Structures are given as structure tokens and as C-alpha cells.
Amino acid sequence: MERASLPRRLFWTAFTAWHSRHEHTLPFWPPERLRVLQDRRARAIVRHAYRTVPFYRRTIDGLGLSLDDFRGADDLARLPAVTTDDYARDSDSFRSTAYRGRFTFEAFTSGTTGHARVIHFDAACLFRCVAARHRHRVVATAFTGRAFGYSEVMAGSALTLARRLHEFQAANSWFPRRADYRRAWMLSFGNPAERIAELNQIRPDVLRGYGSFIGLLYRWAYQHDLPIHRPKLVWHGGDTLAEADRVLIEEHYGVPALAGYQTTEALVIAHQCERREGFHIAPDHVVVRVLDGQGLPVGPGGSGEILVSNLINRATVLLNYRLGDIVTLAAGPCPCGRTTPTLARIEGRADDYVVHPDGTLLHSMTAIGKLQLVPGVLQHQLVQEELKRFVVRIVLRPGADPAVVRLGDDAGWFDGARGERRVGGRIAVLAQVELAGTAVTAASVHLESHGDPAQRAAQMDALLDAIDAYDPRAPVVIGGDLNTFSLGLAAISDREAVATALRADPERWRRPERHEPLFALASERGYEWRAANLLGEPTHRHETESGSARGQLKLDWLLARGLAASAPAVIDAAHPVTGAALSDHEAVAATISLAR
Ligand SMILES: [Zn+2]
């Protein structure tokens, strides 16, 4: 970026210094004083928008309102909410005609809708945001021990907004070196091991970047047992740091993680304080409204979608802009003494939620978050393609790592109509363990209970295919609940059908093998089960008046290929003292050794 003339640079330096004068105290002002400032800025931005921004001129006239109807921040609620799609469709009409032909800084957002959007910023807005950074620095100082002169690594790409803003600031202003901090840049993609090595070399006091990327780095280091630098502070924003990653960084590595909340549409929204309990909103930069599913404002402690009005940017004016994030308002004031309104939590993108058929939102982390704790799982993603159709994507560590096998696409569970609430269909998990120097594939599987013998055989076939694709040569042991009822679900629920079936074969519950084609199929494909299971011994347990008792069904099995099995056993899943069932299935066991 070309350097501006010295007078121009000194002008913006003085401008920033002037706008920084309240930065240390403003978050602690009496609420009434903040309110007066916010109301004044809300009136000014509406006035500016009405005069120079086509969308707002049209909208205010169309609603039959006049500028006198906008006396303060609350009156912004009279204006319609603007969605990212609204903006993408007609972004030109949100641009101020006052900045046509003048310099504006262009920021790009990709968003999830696939529409790239450009937001224009005027220079005064950008330097007011530079000034507002001091507010955050006050907090960072609590961790770095000093306000200036510390080193910081920013992880991003050359196009990352923070980096482009810094270049803009450097080209258009002049700040004495000692009133600044030392910056270095690092890419936020590519090989994690290389990024970790880079970080270990730079050894910054502060690591800044996207929460998802910083989380990935520390998770990678942890899972691969790599040494990783521990800065004094991890400072993340842009997207959410997963809770499991935050715990890893803070508790395992002992590095405090501080979050900021900003978006391309509003460069300053809120930031955490030293207590890291909530996000203090910058009321001089934005007006925040939080609305529930019916579009009504929520009270303290309530959650809903956040709408942001940017009071500072005059080049592109966005009022009541729907960022797509779900947030929770703080129930009371923060003990740090700041008086600014506070968000207790930023729950994440509205896109991070799956919609239940009854309309409630479940966070995707609730559904699949535990996958993150499975060794070998580096990244995961849940996509709700339709109301009842989900795709889970998992990135695994390379090598013979655990793998997940989908055993069918039967996701018709989610609405509870089948008596259970589940996401997706049955799966199996594959991993390798070493047995006397030989890698052995172990498969844990749970076949469908609400199906019939043919469906279970098809699932077994799919599992055996997946095992061959995983490692065609390794010996295999498969264990799990195969749900071998010997009958289909419809027949089991029909008393007469059960009676007829039991007359034909009274042993069918305990010896389901000849009624379940999956056994013949496994034999054909080289698997053995006779030596690995106590044949005829049920594995199902149910509660009784005096405790629990073994039932009649044999549902759980071990199968092996290329291995020798002996000493099969069924181990009671009953509490040794009370006799209460610890599970509705017994454990099955066998001694497995390499076949000679
Ligand atoms: Zn606080």
C-alpha cells in the first residue's frame, strides 16, 4: 500500500490520539452518560443515512417516518432488519452517495450464503476503530504485563482483514515505535506441524487469530505430542473457539484465552474483560439488539439472535444488521466494574445450530462435539442438509487411524416418531491395535435394532467392505451388539407371529445363527465366530424385582478373521452387591491370539 504524505499521516495520527482520549475510562462511565453518547450517535447516523443512503431514504419515507421519529438508539428498532441476503442482493443501495468518488477501504466477507459481499469503510471510521483497540489493550495488559513493546503473532492470510487494516493504518498514519507492539504474521492454514514449528521459533507474548485455527494448532500438538510455545495470552476472534479446545489451551497448556467479537460489518462490537466471563459491548460503536424467535427483544439472561447497528461507518450504512449469531445477554453487571452492556456468551453462528422438527435449536456441538475428544479426530463438521438429513464429515490423522463407517443412510429417527431420538443411522468404529508386533484391525459395531435379518446382513456386508478398504491384509476382530433377534421388528411386535416362530424353533432366541443370514455371509468372507462365543448363552439383561436377570436373547457377538479365538465367556453386567443391571447387555469376552 502506498504511503500517504507526511501531513496526511500526521493528521490521522492526531485524529486517532484525539479519539483515544476516553478509551481507558469510557467502559466505566455511568450508564446514563454512555446512553447520551449512544443516542447522539444513533441520531447522527440515521440523519446521514436518510440524506445519503438510498436504502434508508426509501425505507424511512416508505414507513411514513421522519427524522424526528429517531431520537435515540431505541428508535433504530423502527427500521427493518437487514439480512446478509438483503445486503448481497442490493449492496449498492446501502452505500452513501457522500463517498462516491472518494477513498473507501473495501472489506470482503464471504459468508455462508455463498454471496461475496463488499463493505466500504471511510478512513475516519477505520481510525476510530484503531483508537478503540486501546480498550482491548487495557485488557491484554493484564496478561502481558505491559501495554507496549510486547510481541504478537497474528495468524491469518495476506487477505485477513486485521492484516489489511494494519497495512492501511501503517500507510496512512505515524505512530512512534515504542507506542506500539512488535508484530509478526503467520499463515492460518497449511500443515499444522509447520505452523507449530513457526510459532515455537517466534515465541510471541500474544497469539492472535481465528479461534478455530488456534484450537486446531493446540489440539494437533496435544494429539501428536509435539512441543508448542505457550504465549502469555491467546486472543481469538472471528469465529468460535470450541469449548474442548478452550479447556485444552487454558487448563492443559495454562494459557489464558481471551475472545473478541467483531465482524466485517462492524469492526468493533464487544470484547472480553480480564475476568473472561462476558463480552462488553462498545456502545459508542454499535447498538446491539437481541431478538427471540418471534422477533421480540429478550431481557437480561435471555438468548436470541443478535442485530447490530454500526454507528461509526458512514461509507456503507448497516442498521439492524442480522449477523446470524446467537448470543445470550448477561443477567447482571460484570464484577470488573465496566458499565457497558454485556453479552454472557456468543453461542456461535446461527448456522452452527441444527433445527429440531419442533423448531427448537440444538447446537451442533451438543450433537457431535464429543467427536472432538476422540483421539485421531482432527476436525468434524455436521451439516443439516434437510430437516431430517445430516452429513457428518470427519478429518482423521493420517495413517492407520480410527475410522468411522456408516452402515446405511437411515436417518428417520430425528422426530422421535420411532420411539427414539437419534441423529443419523448406525455406525461402526475401526481402529488398529498391535498384537505381538502385528497390526490387528478392531471393529466396534452396533447393528440396527429396528430392522430385520436381511437389513442386518446388509449392514454386516457394508462393514466387511469397509474393513477390507481400511486394511485388506490385517487380521480382524469384530465385536458388538448385532441385535440378532432372529426376527424382524414387525414380527417381534406381533404376539402370534412370535408364538408361531417359537413353535417352529424353540431355541431361536438363544441360537439365532441360522435365522440371521449375516453369519453365513461372514463365514463366506473368512470370518469365524463359533470359537469366539459361548453359543446358546444369552447376552441380554433386564431388571427384575430383586435386581436384574439374564434374559433369553443372544445379541452380542465376537467375530474374527486370521486370528485364533478361545475361552469364550459371557460376563454379567450386574452390580456385584445390589444385582442391579449396569447395562441391558452382558459383556462378551474371548481370548484372541494370532493364528499359526
Ligand atoms: Zn467485565
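Modeller: Helices (H or I, at least four residues) and strands (E, at least two) are DSSP runs, numbered from the N terminus. By that criterion the chain has 14 helices and 26 strands. The model is predicted, so local features need pLDDT of at least 70 and side-chain atom pairs count only at pLDDT 80 or more, while totals for chains, interfaces and linings use all residues. Residues are numbered from 1 along each chain as its sequence is written, and side-chain values use heavy atoms, with hydrogens and water left out.

Colleague: What makes the arrangement around the zinc ion tetrahedral?

Modeller: Donors are N, O and S atoms within 2.8 Å of the metal (3.2 Å for Na, K and Ca); water is not among the atoms, so sites may look incomplete. Cys273 (SG), His280 (NE2), Cys334 (SG) and Cys336 (SG) coordinate the zinc ion at 2.1 to 2.3 Å. Four donors count as tetrahedral if all angles lie between 85 and 135 degrees. The 4 donor atoms here subtend angles of 101 to 116°, and the arrangement is therefore tetrahedral. The sequence spacing of the donor residues is C-x6-H-x53-C-x1-C.

Colleague: Are Cys273 and His280 buried or exposed?

Modeller: Buried means under 20% relative accessible area, exposed over 50%, partly exposed in between (1.4 Å probe, protein chains only). Both Cys273 and His280 are buried. In the chain of 596 residues, 48% are buried.

Colleague: Why are the buried residues of helix 1 said to lie on the same side?

Modeller: They are Arg9, Trp12, Thr13, Phe15 and Thr16. The arc, taken from the directions from the helix axis to the C-beta atoms, is only 160° for these residues, which puts them on the same side of helix 1. The face turned away from that buried side carries the exposed residues Pro7, Ala17 and Trp18. Helix 5 (123-144) and helix 6 (161-172) are included in what covers the buried residues of helix 1.

Colleague: What is called a nonpolar core, and which residues have the most contacts inside the largest one?

Modeller: A nonpolar core is a set of buried Ala, Val, Leu, Ile, Met, Phe, Trp, Tyr and Cys residues joined through side-chain atoms within 4.5 Å. The largest has 60 residues, and Tyr56, Tyr261 and Leu343 have the most contacts inside it. Helix 5 supplies the largest share of this core, 7 residues. A second, separate core has 25 residues, including Val405 and Ile467.

Terms used:
Contact = heavy atoms within 4.5 Å. Tetrahedral: all angles 85-135°; square planar, octahedral: opposite > 155°, others 65-115°.
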